[in-house]
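Got a chain to look over and a few things to ask about its contacts?

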Amino acid sequence: MKETMRLNTQQKEKIWDVVIVGSGPAGLSAAIYARRARLETLVLEKQPMSGGQILNTTDVDNYPGIPDVGGFELGQKFRQHADKLGAVFCTGEVSEILPYKEGYQVKTDADSIHTKTVILAMGASYRNIGVPGEDRLRGMGVSYCATCDGAFFRGREVAVVGGGDVALEDALFLARGCKKVYLIHRRDSFRGAKVLQERVQKTANIEILYDTVVEEICGEMQVEEITACNKKMDKRMQIAVSGVFLAVGMQPNTSIVGQLVDLDDSGYVIAGEDGRTSAAGIFAAGDLRTKKLRQVVTAAADGANAVASVEAYLNGTLR
Ligand code: NAP
């Protein structure tokens, strides 16, 4: 963890062109594009550590041009790029964003900042199942993203937990490269799409365990096995696996903006590719906005698009 970054008096008093809330790939990409557009750019990050969700990803193997890069390393590269272009970073958890004069007032635990525009890039968090071993073995066999980490389990036995579209898609995706996939669901029927259920049922190397909950994820330095329990039969079992993919839903980090912009039923900020939200001057980028594919590459693209919208907004040409 780096040292906490604070604003100096001059930085506290200025009116920024854009304040970016969050320093994952979307926020950092927005910072890079904003500085290249010569905008006065402030990035607010909750912890003094940039990178967002990829900090918890051992290896990122699907960001074009940088194969086999560590998640932490990629996050640092994005951050160094934004630093080099002169984005200002400040450590602070945003508690409120309020309309103020022509722009917005962004309140953190330490500061009250004024800006013409805001890019929301607080991301989303994977929902946990909250069992022993889950936190300790995160990135060491416990994963929340099959498309990010699946390739590292080629030829191995893995488990997927969940019964929604993502769990079914993850099981199908992993079954293409893994020796065997246990699909573990807490009820006796899936909520995911029927077409996916049919495909899962027809896939020879997927074994479905209904009515089953994971109680513990075990292993010294890597996942070695899970303890699961079939609730209907009250039968406990040990399953040897090298990876556990938890696909029990996501939670967008949007609780502070519920009064500011329109959210969908799941709490995502309603915004298209241009990042425009229901509030003028507020834009959304990355995993917290409504979209289909949430990946580093799509988050980075969102950051660029949001800045293009910020520029048009500031020039008065946003249509
Ligand atoms: P989801 O639909 O909310 O499903 C989450 C699954 O996890 C449910 O089966 C739930 O069980 C289970 N679960 C929740 N908490 C759990 C816990 N603590 N322990 C064990 N299991 C738990 O989430 P999702 O699959 O991530 O999908 C999110 C949204 O994206 C959905 O609206 C989905 O339709 C959409 N999506 C669409 C597509 C597509 O159209 N191709 C692809 C991906 C995602 P219960 O069923 O018992 O509640």
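Predicted model: local features only at pLDDT ≥ 70, side-chain atom pairs only at ≥ 80, totals over all residues.

Q: How many salt bridges does the structure have?
A: Side chains of opposite charge can pair when their charged atoms come close. The cut-off for counting a pair is a Lys or Arg side-chain nitrogen within 4 Å of an Asp or Glu carboxyl oxygen. By that rule, the number of salt bridges is 14.

Q: Which parts of the chain does the salt bridge between Glu45 and Arg79 tie together?
A: The closest N and O atoms of Glu45 and Arg79 are 3.2 Å apart, and the two form a salt bridge.

Q: Is Glu45 buried or exposed?
A: The cut-off for buried is under 20% relative accessible area. Arg79, its salt-bridge partner, has 5% and is buried. Glu45 has 2% relative accessibility, so the word for Glu45 is buried.

Q: Which residues are joined into one network with Glu45?
A: Glu45 has a salt bridge with Arg79. Salt bridges with shared partners extend this into one network, and the residues joined with Glu45 are Arg79 and Asp83.

Q: What are the relative accessibilities of Lys107 and Glu96?
A: Lys107 and Glu96 form a salt bridge, with the closest N and O atoms 3.8 Å apart. Lys107 is in strand E7 (residues 103-108) and Glu96 in strand E6 (residues 94-100), so the pair ties together parts eleven residues apart in sequence. Both count as partly exposed: Lys107 at 30% and Glu96 at 34%.

Q: Which cysteines form a disulfide, and what is its handedness?
A: A disulfide is a covalent bond between the sulfur atoms of two cysteines. Searching the whole structure turns up one, with sulfur atoms 2.1 Å apart. The pair is Cys145 and Cys148, and the torsion about their S-S bond is about 70 degrees, so the disulfide is right-handed.

Q: What is the orientation of H2 and H7 to each other?
A: Two packed helices are described by the angle between their axes and the distance between the axes. For helix H2 (residues 25-36) and H7, the axes are 7 Å apart and the angle is about 40 degrees. Angles under 35 degrees would count as roughly parallel and 65 to 115 as roughly perpendicular. H2 and H7 are therefore oblique.

Q: Which residues of H7 make the contact with H2?
A: The crossing of H2 and H7 is right-handed. On the H2 side, the contact uses Pro25, Ala26, Ser29, Ala30, Tyr33 and Ala34. On the H7 side, the residues are Val296, Ala299, Ala300, Gly303, Ala304 and Val307.

Q: Which residues does Tyr268 touch, not counting residues up to four places away in sequence?
A: Tyr268 is in the loop between strand E18 (250-252) and E19, and is buried at 10% relative accessible area. Setting aside residues up to four places away, Tyr268 touches Met250, Pro252, Asp262, Leu263, Asp287, Leu288, Arg289, Thr290 and Arg294.

Q: Which helices and strands do the buried residues of H5 pack against?
A: In helix H5 (residues 165-175), the buried residues are Ala167, Leu168, Asp170, Ala171, Leu172, Leu174 and Ala175. They pack against helices H4 (146-149) and H6 (194-202), and against strands E11 (157-161), E12 (180-184), E13 (206-209) and E17 (243-246).

Terms used: Residues numbered from 1 in each chain as written. Heavy atoms only, no water. Buried < 20%, exposed > 50% of the residue type's maximum accessible area, 1.4 Å probe, protein only. Helix = DSSP H or I, 4+ residues; strand = E, 2+ residues; numbered from the N terminus. Disulfide = S-S within 2.5 Å. Axes fitted to C-alpha atoms, helices over the stretch in contact; angles between N-to-C directions. Parallel < 35°, antiparallel > 145°, perpendicular 65-115°, else oblique. Left-handed = near helix turned anticlockwise from the far one by under 90°. Contact = heavy atoms within 4.5 Å.
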